[in-house]
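Please read it with the sequence and the model at hand.

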Amino acid sequence: VQLQASGGGLVQAGGSLRLSCAASGLPSTTYALGWFRQAPGKEREFVVAIQWSGGGTYYADFARGRFTISREAAENTVYLQMSSLKPEDTAVYYCGATTKGLAVAYEYDYWGQGTLVTVSS
């Protein structure tokens, strides 16, 4: 299984970024793909997830209304559109794949390498 995250960068507060996660080799038991983030000195936290079959979405409270997850099934790619970005959104964003739960990192089986998002004030 490979998960390739991309799209991070430097953006001013209030700006937007779109992250991509290209997946390959996913097992047929894949339940969802999700995005987590980890700021320096903090634990990895859940951002959003999308069910691989069915497309149901689940958002952390801070992400709802500003972030949108979508899936391009034909390309095995998941996108995270982030808008109205704030300096506190600065973190390394990781995509992961899970065959179990959605919103806790330890239930994820596979992880991509992460992409850095920096939001300047």
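A disulfide is here a pair of cysteine sulfur atoms within 2.5 Å. This is a predicted model, in which local features need pLDDT of at least 70 and side-chain atom pairs count only at pLDDT 80 or more, whereas totals for chains, interfaces and linings use all residues. Residues are numbered from 1 along each chain as its sequence is written, and side-chain values use heavy atoms, with hydrogens and water left out. Helices (H or I, at least four residues) and strands (E, at least two) are DSSP runs numbered from the N terminus.

**Disulfide**

- A search of the whole structure finds one disulfide, formed by cysteine 21 and cysteine 95 with their sulfur atoms 2.2 Å apart.
- The torsion about the S-S bond of cysteine 21 and cysteine 95 is about 65 degrees, and the disulfide is therefore right-handed.
- The pair links distant parts of the chain, with cysteine 21 in strand β3 and cysteine 95 in strand β9 (residues 91-98), 74 residues apart.
- Both cysteine 21 and cysteine 95 are buried, where buried means under 20% relative accessible area, exposed means over 50%, and partly exposed lies in between (1.4 Å probe, protein chains only).

**Sheet**

- Four strands make up an open sheet in the order β1-β3-β8-β7, with antiparallel pairing; two strands pair if DSSP finds at least two bridges between them.
- Strands β1 (2-6) and β7 (67-72) stand at the edges with a single partner strand each, so one side of each is left without a neighbour in the sheet.
- From one strand to the next the twist averages 15 degrees, with axes taken as lines fitted to C-alpha atoms (for helices over the stretch in contact) and angles running from 0 to 180 degrees between N-to-C directions.
- Strand β3 (residues 17-24) and strand β8 (residues 77-82) run antiparallel and are joined by six bridges, and leucine 17 has methionine 82 as its bridge partner in β8.

**Nonpolar cores**

- A nonpolar core is a set of buried Ala, Val, Leu, Ile, Met, Phe, Trp, Tyr and Cys residues joined through side-chain atoms within 4.5 Å.
- The largest nonpolar core has 29 residues, and those with the most contacts inside it are Trp35, Leu80, Met82 and Tyr93.
- The elements that give two or more residues to this core are β1, β3, β4 (32-38), β5, β7, β8, β9 and β11 (115-120).
- A second, separate core has seven residues, including Ala32, Phe36, Phe46 and Ala49.
- Leaving aside neighbours within four places in sequence, leucine 80 is in contact with residues that include Leu17, Leu19, Trp35, Val47, Phe67, Ile69 and Tyr93, where contact means heavy atoms within 4.5 Å.
- Valine 47 has its place in strand β5 (residues 45-51) and counts as buried because its relative accessibility is 0%.
- Among the residues that valine 47 touches, not counting those up to four places away in sequence, are Trp35, Phe36, Tyr58, Phe62, Phe67, Leu80 and Tyr93.

**Salt bridges**

- The structure holds five salt bridges, each defined as a side-chain nitrogen of Lys or Arg within 4 Å of a carboxyl oxygen of Asp or Glu.
- Glutamate 45 forms a salt bridge with arginine 37, the closest N and O atoms being 2.7 Å apart; glutamate 45 is partly exposed, with a relative accessible area of 32%, whereas arginine 37 counts as buried at 6% relative accessibility.
- The side chains of aspartate 89 and arginine 66 also meet in a salt bridge (2.7 Å, N to O).
- Aspartate 89 lies in the loop between β8 and β9 and arginine 66 in the loop between β6 (57-59) and β7, so the pair ties together parts that are 23 residues apart in sequence.
- Both aspartate 89 and arginine 66 are buried.
- Aspartate 109 forms a salt bridge with lysine 100, with the closest N and O atoms 2.5 Å apart; aspartate 109 is partly exposed at a relative accessible area of 32%, and lysine 100 counts as partly exposed at 44% relative accessibility.
- Salt bridges that share partners join Arg37, Glu45, Arg66 and Asp89 into one network.

**Positive phi values**

- Asparagine 76, in the loop between β7 and β8, has a phi near 50 degrees, a positive value in a residue other than glycine.
- Serine 84, found in the loop between β8 and β9, likewise has a positive phi near 50 degrees.
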